Amino acid sequence: MSMQYEQLFEKIRPAIDSKIAEFQHYQYNAITAEELWRYCIEKKWRKKKVEQLRLHEVVSTIFSVSPSDIVSFNQVEFLQSNNWFEEVNTDELQLLLGPVRT
């Protein structure tokens, strides 16, 4: 996280904590403040510069995030980043996929 994002994170920490408390109220205890912040940076503000973000826009974005937004974002990242056959050797993969038919 860049220094500007860290400073902004600390500045609006009460809003983030409030949103996390809301998530916990609805039994989404696994979502952390850091996950919420990472979602906003990587998904909501990925094309914006930190210095152009206005405080009210940042807080509004945080309050508009739903738990399903973060869960979906994490699932897509997981699916895009992993090599599903990393631990499978060629013989196991051939067995899994079946014989080659000609």
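**Exercise 1.** In this predicted model, find which residues of helix 3 are buried, and state what they pack against.

*Solution.* The buried residues of helix 3 are A33, L36, W37, Y39, C40 and I41. Next, look for their partners: these buried residues pack against helix 1 (3–11), helix 2 (13–25), helix 4 (55–64) and helix 5 (67–81). Helix 3 itself covers residues 33–44, 12 residues in total, and reaches 15 Å from its first C-alpha to its last, close to the 16 Å expected at 1.5 Å a residue.

**Exercise 2.** Describe how helix 1 and helix 2 pack.

*Solution.* Start with the geometry: the angle is about 65 degrees, and the axes are 5 Å apart. Angles of 65 to 115 degrees count as roughly perpendicular, and helix 1 and helix 2 are therefore roughly perpendicular to each other. Then list the contact: helix 1 contributes F9, E10 and K11, while helix 2 contributes R13, P14 and I16. Sorted by class, this contact has 3 nonpolar, no polar and 3 charged residues.

**Exercise 3.** Examine the aromatic pairs of the whole structure.

*Solution.* A search finds 4 aromatic pairs. For W37 and W45, the ring centres are 5.3 Å apart and the planes stand at 70 degrees, so this pair is edge-to-face. W37 counts as buried because its relative accessibility is 2%; W45 is also buried, at 2%. Y39 and F73 form another edge-to-face pair, with 5.3 Å centre to centre and 80 degrees between the planes. Since Y39 lies in helix 3 and F73 in helix 5, the pair ties together parts that are 34 residues apart in sequence. Both Y39 and F73 are buried. Finally, ring pairs link Y5, F9, W37 and W45 into a cluster.

Notes: Residues are numbered from 1 along each chain as its sequence is written. This is a predicted model: local features need pLDDT of at least 70, side-chain atom pairs count only at pLDDT 80 or more; totals for chains, interfaces and linings use all residues. Side-chain values use heavy atoms; hydrogens and water are left out. Helices (H or I, at least four residues) and strands (E, at least two) are DSSP runs, numbered from the N terminus. The expected span of a helix is 1.5 Å times one less than its number of residues. Buried means under 20% relative accessible area, exposed over 50%, partly exposed in between (1.4 Å probe, protein chains only). Contact means heavy atoms within 4.5 Å. Axes are lines fitted to C-alpha atoms, for helices over the stretch in contact, and angles run from 0 to 180 degrees between N-to-C directions. Angles under 35 degrees count as roughly parallel, over 145 as roughly antiparallel, 65 to 115 as roughly perpendicular and the rest as oblique. Ala, Val, Leu, Ile, Met, Phe, Trp, Tyr, Cys and Pro count as nonpolar, Asp, Glu, Lys and Arg as charged, and the others, Gly among them, as polar. Rings of Phe, Tyr and Trp (its six-membered ring) pair if their centres lie within 6.5 Å; planes under 30 degrees apart count as stacked, over 60 as edge-to-face and the rest as tilted.
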